[in-house]
Amino acid sequence: MLEQKRPAQAKIGKLERLKTLLARDPGTLACPDCGAALLLARESSALRCARGHCYDLARKGYANLLGRGGGARGVYGPALFASRRAVFGFGFYEEAARRLAALAGELLRPGEAARRGGAARPFRALDAGCGEGYYAFALSRDASLSACRFYGLDLSKDAVAAAAGYAADIAWIVGDLARPPFRDGAFDLVLNVLSPAGYAAFRRILAPDGVLIKVLPGRDYLQELRALCGYQDRERGGGGEAAAHCERHMRVTERARIRYVCAPQAEQKKALPAMTPLTAGKHIDPAALETLRRITIDLEIIAGRPL
Ligand SMILES: C[S@@+](CC[C@H](N)C(=O)[O-])C[C@H]1O[C@@H](n2cnc3c(N)ncnc32)[C@H](O)[C@@H]1O
């Protein structure tokens, strides 16, 4: 009996938490249909705008502002997010998350007084293309960002449903980062990790002195997995073109590289191929996967203001 009740109670808890988060931050969400403020309807679990557009909140603790099941899956299906969740659980990305949190804290600090404008206003941070939510979760746990209210946005309902499983005060939203369902200037920080960027949209939703942290795969990112897939050296990730594209769309104020190597255990290796779209359509020989001794995390960080 108790066993059956538990999941339902957990879901109700998540929905109530989401409602509390949205109610404390009225006017941050904007209707994806008409752009008007999207507010929590009294005594209900729905968001409504003045023009009558209405979006139900999911019992699992997220708001789907795309409707009809969320965005297209393509390579980003439930298996990829489950695998990412497992790999994040191994701790391979802890160092990256710690460094990103430290950078975010540093970038937010100088403008703190000006941003607050005398009245104590909390910072808002958005993880745009949050996937299963690891970075938003990790940053929300960092002491230097305790004054931040966190939002996570992803096109994939599978991803956002998984993200809502993290026990954290984060408002999880299914939506398109090219048309983010937020009011102008809502955020002090937009984080965009290994996901497509919408520079014009990010500029619109950032406060005048808000900052974008864009994370790209570095040249050596998962190079051992790439090699197993048969990618040639010249097909390596990161570096040149992706970073140059970023620079054309941002006034860059900070650059950093996070590069380190992890040693996966035998069981952990099995989760690696499915965690990345790099392996989509590629065959990896299981015996070759077993021989993997190390895996390189190499991320390029570009921070600044979208142009
Ligand atoms: C490689 S995953 C990275 C996810 C997460 N940032 C991480 O590092 O685990 C790329 C993510 O971008 C999301 N995405 C792709 N296009 C998007 C869009 N137009 N709006 C919002 N999310 C999008 C995908 O659904 C996927 O979750």
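Which helix gives the most to the lining of the largest cavity? I began my notebook with that question, and the entries below follow from it.

**Entry 1: the model and the chain.** I noted that I am working from a predicted model. I looked up the secondary structure of the protein chain and found eleven helices and eleven strands. Of its 307 residues, 50% count as buried. I also looked up contacts between residues at least 6 apart in sequence, and 69% of them join residues at least 24 apart.

**Entry 2: the cavities.** I found three cavities of 30 Å³ or more in the structure. The largest cavity holds about 50 Å³ of space. To my opening question the reply is H1, which gives four residues to the lining of the largest cavity. Helix H1 (2-23) and strand E7 (170-174) each supply at least two lining residues.

Entry 3: I traced an open sheet of eleven strands, in the order E1-E2-E3-E4-E7-E6-E5-E8-E9-E11-E10, with mixed pairing. Strand E1 (39-40) and strand E10 (250-262) stand at the edges with a single partner strand each, so one side of each has no neighbour in the sheet. I then looked at two pairs. Strand E3 (residues 54-58) and strand E4 (residues 62-64) pair in the antiparallel sense over two bridges, and Ala58 stands opposite Tyr62 in E4. Strand E8 (residues 187-193) and E9 pair in the parallel sense over six bridges, and Asn192 stands opposite Lys214 in E9. In strand E9 (residues 206-217), nine of the twelve residues are buried, so the strand is largely enclosed by the rest of the structure.

**Entry 4: Ile302.** Is Ile302 buried or exposed? Its relative accessible area is 0%, so I put Ile302 down as buried, the cut-off being under 20%. Ile302 is found in strand E11 (residues 295-306). Leaving out residues up to four places away in sequence, I listed what Ile302 touches: Leu212, Ile213, Lys214, Leu216, Ala243, Cys246, Met250, Val252, Glu254 and Arg255.

**Entry 5: helix H3.** I checked the length of helix H3 (residues 94-108). At 1.5 Å a residue, its 15 residues should span 21 Å, and the end C-alpha atoms are 21 Å apart, which agrees. The buried residues of H3 are Ala96, Ala97, Leu100, Ala101, Leu103, Ala104, Gly105, Leu107 and Leu108. For reading such a list, I noted that an α-helix has 3.6 residues a turn, so residues three or four places apart point the same way.

**Entry 6: two positive phi values.** Most residues other than glycine have a negative phi. I looked up two exceptions. Glu43 has a positive phi of about 55° and lies in the loop between E1 and strand E2 (46-48). Leu222 has a positive phi of about 50° and lies in the loop between E9 and helix H8 (223-228). Glu43 is exposed, with a relative accessible area of 80%, whereas Leu222 counts as buried at 1%.

Notes
Residues numbered from 1 in each chain as written. Predicted model: local features only at pLDDT ≥ 70, side-chain atom pairs only at ≥ 80, totals over all residues. Heavy atoms only, no water. Expected span 1.5 Å × (residues − 1). Buried < 20%, exposed > 50% of the residue type's maximum accessible area, 1.4 Å probe, protein only. 1 Å grid on protein atoms, 1.4 Å probe; cavity = no way out; pocket = protein on both sides within 12 Å on 5 of 7 lines; lining within 4 Å. Points joined across faces, edges and corners; volume = space filled by probe spheres on them. Contact = heavy atoms within 4.5 Å. Pairing = 2+ DSSP bridges.
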